[in-house]
Amino acid sequence: MSIVVTGATGHLGRLVIEGLLAARVPAGEIAAVVRDKEKAADLAERGVELRIADYDAPDTLRGVFAAGDRVLLISGSEIGRRVPQHRAVVDAAREAGVALLAYTGVLGGPDADFDLAAEHKVTEQLILHSGLPYTFLRNGWYHENYTEHLAPVLEHGAVVASAGEGRVASAARADYAAAAVAVLTGGGHEGKVYELSGDVAWSFAEYAAVVAARSGKEISYANVPAEQHLAVLTGAGLPEALAAVLVDVDAAIARGRLAGTSGDLTRLIGRPTTGIAEAVSAAVSAAPKG
């Protein structure tokens, strides 16, 4: 029996592996499902088992899971392709008879009414219909969705969004990873649904003020119409399809869809979630000076 993490070389997957090792799970009991063995060489050197498979190639998933495994299905990153990718993983997990399938979905589950949630909702239904023991980890927005893109904010002195006065209860990626570790290593999580989000919801005006305070620069919040926001994102080099999804998320934020603070994340990880100010401080400190 192993704890199996799919997408293990991604940002979240690596944090989950690190969390499992920090929780003293023996490396030999952790399996990392990856596409590229070379990218996971450092994990293999630490004793983590590598299982090579590709979401897009269902045949490669046969034999990746074993009876009794606890599996974390980290949602794929390729919007528009995730349903068949996730179906392949769920089918392989069902055939193997895994003990638990935990899935990283989106805050709100079936009530989430924005485009990014559609594939997550279908995946949850696939898991329910599979009959597998499951846990739904419905992750809210990550601090890093903003703090990893501070350069243009600092350069232009503005946080540009189309979310109006909507609020975001984001948390650090490491917080969500810690929740996954708690589920994979603990008991009593079968059949549970966790709405995971930060302890405090913030507005974009408040976020701009935090960036200003931490950077020492004048930063304002530019709330723009959706069409202008789309033009800004595509002008910055984002594919139009992805830019449209992000603008749609801002509309959902304006409707309050990412503002929920259920407390589930804090309860799972046993500590307060990381605050946005702390995340901004770390990002500003790491930003190139000049």
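**Exercise 1. Arg24: buried or exposed?**

*Solution.* Let's start with a single residue.
- Arg24 has a relative accessible area of 75%. Exposed means over 50%, so Arg24 is exposed.
- Next, place Arg24 in the chain: it sits in the loop between α1 (11-22) and β2 (30-34).
- Finally, look at the backbone of Arg24: phi is near 70°, a positive value in a residue other than glycine.

Before going on, keep in mind that this is a predicted model.

**Exercise 2. Find the place of Arg51, decide whether Arg51 is buried or exposed, and name the residues Arg51 touches.**

- Arg51 belongs to strand β3, which covers residues 49-52.
- The relative accessible area of Arg51 is 12%. The cut-off for buried is under 20%, so Arg51 is buried.
- Now list the contacts, leaving out residues up to four places away in sequence: Arg51 touches Ser2, Val4, Ala31, Ala32, Val33, Val34, Val64, Phe65, Ala66 and Asp69.

**Exercise 3. Which parts of the chain does the pair of Tyr146 and Tyr207 tie together?**

- The structure holds 8 aromatic pairs. One of them joins Tyr146 and Tyr207, with 5.9 Å centre to centre and 55° between the planes, and this pair is tilted.
- Tyr146 lies in helix α6 (residues 144-147) and Tyr207 in helix α9 (residues 204-215), so the pair ties together parts that are 61 residues apart in sequence.

**Exercise 4. How is the pair of Trp202 and Phe204 arranged, and which residues form one aromatic cluster?**

*Solution.* Use the angle between the planes.
- The ring centres of Trp202 and Phe204 are 5.4 Å apart, with 75° between the planes. Planes over 60 degrees apart count as edge-to-face, so that is the label for this pair.
- Both Trp202 and Phe204 are buried.
- To complete the picture, one aromatic cluster is formed by Tyr146, Trp202, Phe204, Tyr207 and Tyr221.

**Exercise 5. Describe the setting of Ala212.**

*Solution.* We stay with the helix that holds Tyr207.
- Ala212 lies in helix α9, and its relative accessible area of 19% makes Ala212 buried.
- Setting aside neighbours within four places in sequence, Ala212 is in contact with Lys217 and Ile219.
- For a distance across the model, take His11: Ala212 and His11 are 27 Å apart in space, C-alpha to C-alpha, and 201 residues apart in sequence.

**Exercise 6. Why can the chain be called as compact as a globular protein of its length?**

*Solution.* Now step back to the whole chain.
- Count the elements: there are 13 helices and 11 strands.
- The radius of gyration is 19 Å, close to the 19 Å that the globule rule gives for 290 residues, so the chain is as compact as a globular protein of that length.
- Buried residues make up 49% of the 290 residues.
- Of the contacts with a separation of 6 or more, 76% join residues 24 or more positions apart.

**Exercise 7. Summarise the surface and charges of the chain.**

*Solution.* Two steps are enough.
- The accessible surface comes to about 12900 Å², and 54% of that belongs to carbon and sulfur atoms.
- The chain has 25 positive and 35 negative side chains, with the centres of the two sets 4 Å apart.

Note on methods. Residues are numbered from 1 along each chain as its sequence is written. This is a predicted model: local features need pLDDT of at least 70, side-chain atom pairs count only at pLDDT 80 or more; totals for chains, interfaces and linings use all residues. Side-chain values use heavy atoms; hydrogens and water are left out. Helices (H or I, at least four residues) and strands (E, at least two) are DSSP runs, numbered from the N terminus. The radius of gyration is taken over C-alpha atoms; the globule rule is 2.2 Å times the number of residues to the power 0.38. Buried means under 20% relative accessible area, exposed over 50%, partly exposed in between (1.4 Å probe, protein chains only). Contact means heavy atoms within 4.5 Å. Accessible areas come from the Shrake-Rupley method with a 1.4 Å probe; for residues, only the protein chains shown count as cover. Lys and Arg count as positive and Asp and Glu as negative; His and the chain ends are not counted. The place of a charge is taken as NZ of Lys, CZ of Arg, CG of Asp or CD of Glu. Rings of Phe, Tyr and Trp (its six-membered ring) pair if their centres lie within 6.5 Å; planes under 30 degrees apart count as stacked, over 60 as edge-to-face and the rest as tilted.
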